[in-house]
Amino acid sequence: MSLTPIQQVLELARWAPSGDNTQPWRFEILADDRAILHAHDTRAHCVYDFQGRASQLALGALIETLHIAASGLGYRAIVEKRSSPGGDQNHYAITLHPDPALEKSPLIETITRRSVQRRPMSMRNLSPTQKQALEQAAAPYSVCWMETRRQRLAMAGLLFRSAKIRLTAPEAYSVHRSIIAWRSRYSEDRVPDQAIGLDPLTLRLMEWVMQRWSRVLFFNKYLAGTLAPRIQLDWLPGLACAGHFALVAERPPRAVDDFVEAGRAVQRFWLTATQLGLQMQPEMTPLIFSWYHDSHEPFSQTGSVQQALPPIRAQLATIMGDLVPSHGVFMGRIGNGNPIRSRSLRLSLSRLAQGSDR
Ligand SMILES: Cc1cc2nc3c(=O)[nH]c(=O)nc-3n(C[C@H](O)[C@H](O)[C@H](O)COP(=O)(O)O)c2cc1C
């Protein structure tokens with residue numbers, strides 16, 4: 001059976017990235033050219049989804065992708081926010097309008113190829129042309145680059161310290177437990193363990209340790225349990241890349257719409273990187289910890305974890321500049337790398353369109 005135009009557009013749009021592959025959206029298809037997008041955020045059970053911002057960024061990426069996908073079929077997509085129930089939900093009406101004058105986006109073919117590379121990349125610099133294309137894609141957000149060896153070392157150190165918070169906070173443990181698909185190369189609704197970036201031995205050890213919080217505590221306390229994963233997941237990849245970047249808004253982002261808009265730029269940036277043959281990994285934790293710090297909302301009930309937030313924010317400002325913690329919307333690393341061998345897949349369109357319930 002052939003797909004209707006709206007089904008074809010959503011079929012591609014569902015490949016948009018989302019934090020931990022949560023895909024915080026469902027579709028209600030109303031007609032061949034119309035649908036309602038029911039978006040929710042995951043703040044109730046994911047400590048990284050501060051005020052729903054990560055989900056809102058993902059929603060922006062989805063909206064940008066559906067515009068790009070629609071252009072390939074000769075449609076202009078109109079996406080309008082409906083009166084939202086508020087809180088953690090937002091609804092949008094999507095309508096496709098035929099537009100023979102519309103140019104097909106050159107980014108279409110990158111939608112399904114774009115993915116995360118969490119393993120070390122080449123340290124070869126980006127060319128000025130590549131950087132210019134990425135900056136154009138991110139506009140009106142400016143791009144702050146950290147590329148010299150010294151800057152990459154400083155970023156690797158920041159990520160290494162930031163990861164200690166990630167690995168010692170009980171609030172983060174419950175998230176990691178639920179989003180990793182163990183012994184998997186692909187996963188439709190989580191992150192496969194093979195895509196995380198650990199060597200097979202450390203991975204098996206981590207799988208065993210992560211079955212119980214008491215094991216995590218013991219390992220962290222007596223066996224320096226955070227060291228191997230932090231070196232493999234944060235320090236080495238932090239150094240082994242062409243550089244780190246932050247997308248920075250003109251004004252401090254606050255509202256849902258600010259983050260949705262930013263998510264659109266993030267997706268343009270990421271798809272353009274894919275088009276240029278580059279790979280990327282978001283590195284959101286230093287920014288998320290800064291958001292917690294600035295809002296005075298606690299990240300963790302554990303005192304030692306909570307006390308580690310201010311130095312992360314201060315260090316992020318020292319390395320990337322004062323504007324990044326307050327005006328930054330997205331951070332990551334980028335470079336040339338080997339093809340990925342494991343990745344997150346997506347829920348099928350029929351599952352995503354089964355109703356607006358989560
Ligand atoms: C807002 C946002 C934040 C993310 N943060 C991180 C991150 O801090 N570290 C990371 O490795 N991946 C991060 N990701 C990548 C997602 O885990 C990834 O997009 C998802 O698992 C789907 O995989 P794919 O992009 O390979 O299709 C983030 C993605 C989004 C959209």
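Leaving aside its neighbours within four places in sequence, which residues is S162 in contact with? In this predicted model, the partners of S162 are T285, P286, F289 and I312. S162 sits in helix α4, which covers residues 149-168. With 26 other C-beta atoms within 10 Å, S162 counts as buried, because the cut-off for that class is 20 or more. Another pairing across the sequence is that of S162 and D234: 72 residues separate them along the chain, while their C-alpha atoms are 8.9 Å apart in space.

The protein has 14 helices and twelve strands. Its C-alpha trace spans about 65 × 45 × 40 Å along the principal axes. For 358 residues, a compact globule would have a radius of gyration near 21 Å, and the 20 Å of the protein agrees with that. Buried residues account for 44% of the 358. Of the contacts between residues at least 6 apart in sequence, 76% join residues at least 24 apart.

The protein is divided into two parts, domain 1 (5-113) and domain 2 (128-343). Their C-alpha centres lie 23 Å apart. Where the domains meet, 25 residues of domain 1 are in contact with 28 residues of domain 2. On the domain 1 side, helix α2 gives the largest share, eleven residues. That side is made up of 14 nonpolar, seven polar and four charged residues.

Helix α2 also takes part in the largest nonpolar core. This core has 91 residues, and those with the most contacts inside it are V9, L62, L66, L247, A262, V266 and F269. Its largest share, eleven residues, comes from α2. Both domain 1 and domain 2 contribute at least three residues each to this core. V266 shows some of the contacts in detail: leaving out residues up to four places away in sequence, V266 touches L57, G60, A61, L247 and F330.

A few details of the backbone remain. The peptide bond from A139 to P140 is cis, with omega near 10 degrees. P140 belongs to the loop between α3 (128-138) and β5 (142-146). Q23 is in the loop between α1 (5-13) and β1 (25-31), and Q51 is in the loop between β2 (34-40) and α2. Is each of these residues buried or partly exposed? Q23 has 23 other C-beta atoms within 10 Å and is buried, whereas Q51 has 17 and is partly exposed.

Definitions and conventions:
Residues numbered from 1 in each chain as written. Predicted model: local features only at pLDDT ≥ 70, side-chain atom pairs only at ≥ 80, totals over all residues. Helix = DSSP H or I, 4+ residues; strand = E, 2+ residues; numbered from the N terminus. Rg over C-alpha atoms; globule rule 2.2 N^0.38 Å. Buried ≥ 20, exposed ≤ 12 C-beta atoms within 10 Å, placed from the backbone. Contact = placed C-beta atoms within 7 Å. Domains from an automatic or database assignment. Nonpolar A, V, L, I, M, F, W, Y, C, P; charged D, E, K, R; others polar. Core = buried A, V, L, I, M, F, W, Y, C linked by C-beta atoms within 7 Å.
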